[in-house]
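Okay, thanks for coming, everyone.

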Amino acid sequence: MNNDKSSLSRPNELRRSLSLPLVTFYGIGTILGAGIYVLVGKVAGVAGMLTPLAFLVAALIAGFSAFSYAELAARLPKSASEAVYAQAGFGRASLSRVIGLLMVLVGVVSSATLMHGFAGYLRVFVQWPDIWVMNVMILTLGAVVIWGITQSVLIAVIMTLFEMAGLVLIIGVAGDSLGSLPERWPQLLTPEAPFVWYGVLLGAFVAFYAFIGFEDMVNVAEEVIDPSRNLPKAIILVLIIVTLFYLLVTLVSILSVAPDKLAQTDAPLAMVYEQATGRAPLFITLISLVSVLNGALIQIIMASRVLYGLSRQGWLPALLGQVGERTRTPIPAILVVITAIGLFALLLPLISLARLTSLVTLIIFTLMNVALWRIKRRGDSYQGFQVPLWVPVAGATVSVLFLVSQLYQFFMD
């Protein structure tokens, strides 16, 4: 177990300065992004009044992989975490290197996708060229990440609080609808429509993507104070907090606006806000801008730490493992990441970027669950945070099913 404090980190290493609260808010920011502002409507279209239940089922499904990551983080608190986990599970350096590079790809492609989204949201307020907007924001976020891990995460925490405030606002303005809950409760538990439970499962499938993000938390392990204790706690706390937020938001949404109406819009929470207040949802649009920036900032942090960790393991050139003497951040790795984001944002269309992110993430989830299963089957003297052997089995099974569904949809399209 590593109990080093930030003051004990050596000059050529990352600064260990993230406490449990900081890494928890960092994790909330990785999950509680712009997706919830869109996915409520998509889930309502298939699950109807059982939309909150669909999100609860999705949380349980995502929880299998989240708990697997929690044990892996406790066992092996390193940067380039997925690559390190793969090495421990499969013992193949070539596979570990590929997995690490896939994580970098996910971070780069996710950030490029978010930059497209930011440019789109910004057009609500100003008409600036997308290319100019994306390049300026990529460089700005890169400068923040170079500045320092504590500063970067504090900025991410502030933006996360802003995102949470937006969801609290939705709950607040539509909260009167909860008064009808006692009389409408039977609709949420015993719906009349046939095959509705199939709709719940379909809705859970869609809602699953609103819970992705906990895998990014483990890649700042070398900057977390006492990571073997704090990372598992943070992952579990994040899953609980995000699930509670989602359940409240979806509950007030379907009680305020009919599910079929929510399904017809790409901005369901904006519709809930507008119907509850009678005002234009400009504030919700502004929150979406912040959510997009926060997501991109976190992905840049993650991808740069993976490159750094791969280099420190000897799987990539040593240059990428260098740390700035004053900032204690992996400056060469950060520069490579933001350059790649700029190229992807300019060269690939938005739909291709989003689909690629989902496919690669599911592949990695599958491999990480299998890696933990193999590690646990071998047996060792490890006494830290552990999950039952069936948890990674369930996580791998669910990930494979989601992956097959994604590939089927890809080929059908």
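Let's start with the overall shape. There are 413 residues, and a compact globule of that length would have a radius of gyration near 22 Å; this protein has 21 Å, so the two agree. That radius is taken over C-alpha atoms, and the globule rule is 2.2 Å times the number of residues to the power 0.38. If you box up the C-alpha atoms along the principal axes, you get roughly 60 × 50 × 45 Å.

A bit of housekeeping before we zoom in. This is a predicted model, where local features need pLDDT of at least 70 and side-chain atom pairs count only at pLDDT 80 or more, while totals for chains, interfaces and linings use all residues. Residues are numbered from 1 along each chain as its sequence is written, and side-chain values use heavy atoms, with hydrogens and water left out.

So what is the secondary structure made of? The protein has 17 helices and zero strands. Those are DSSP runs numbered from the N terminus, with helices being H or I of at least four residues and strands being E of at least two.

Of the 413 residues, 56% are buried. Buried means under 20% relative accessible area, exposed means over 50%, and partly exposed is in between, using a 1.4 Å probe and protein chains only. Now contacts, meaning heavy atoms within 4.5 Å: among those with a separation of 6 or more, 82% are between residues 24 or more positions apart.

As for the surface, the accessible area is about 17300 Å², and 67% of that belongs to carbon and sulfur atoms. The areas come from the Shrake-Rupley method with a 1.4 Å probe, and for residues only the protein chains shown count as cover.

Now let's look at helix 15, residues 331-347. Its 17 residues should span 24 Å at 1.5 Å a residue, and the end C-alpha atoms are 25 Å apart, which agrees. The expected span is 1.5 Å times one less than the number of residues. Which residues of helix 15 are buried? They are P332, A333, I334, V337, I338, I341, G342 and A345. As a reminder, an α-helix has 3.6 residues a turn, so residues three or four places apart point the same way. The buried residues of helix 15 pack against helix 5 (93-122), helix 6 (130-147) and helix 14 (282-312).

A62 sits in helix 3, residues 51-75, and it counts as buried because its relative accessibility is 2%. Leaving out neighbours within four places in sequence, A62 is in contact with F208, F211 and F214. Its C-alpha is 9.8 Å from that of A207, 145 residues apart along the chain.

A80 is in the loop between helix 3 and helix 4 (81-90). Is A80 buried or exposed? With a relative accessible area of 1%, A80 is buried. Not counting residues up to four places away in sequence, A80 touches N219, R305, V306, G309 and L310. A80 and L310 are 230 residues apart in sequence, yet 5.8 Å apart C-alpha to C-alpha.

Last stop, some backbone angles. D226, in the loop between helix 10 (214-217) and helix 11 (227-256), has a positive phi of about 50° although it is not a glycine. R328, in the loop between helix 14 and helix 15, has a positive phi of about 55°, and it isn't a glycine either. D226 is buried at 11% relative accessible area, and R328 is buried at 9%.
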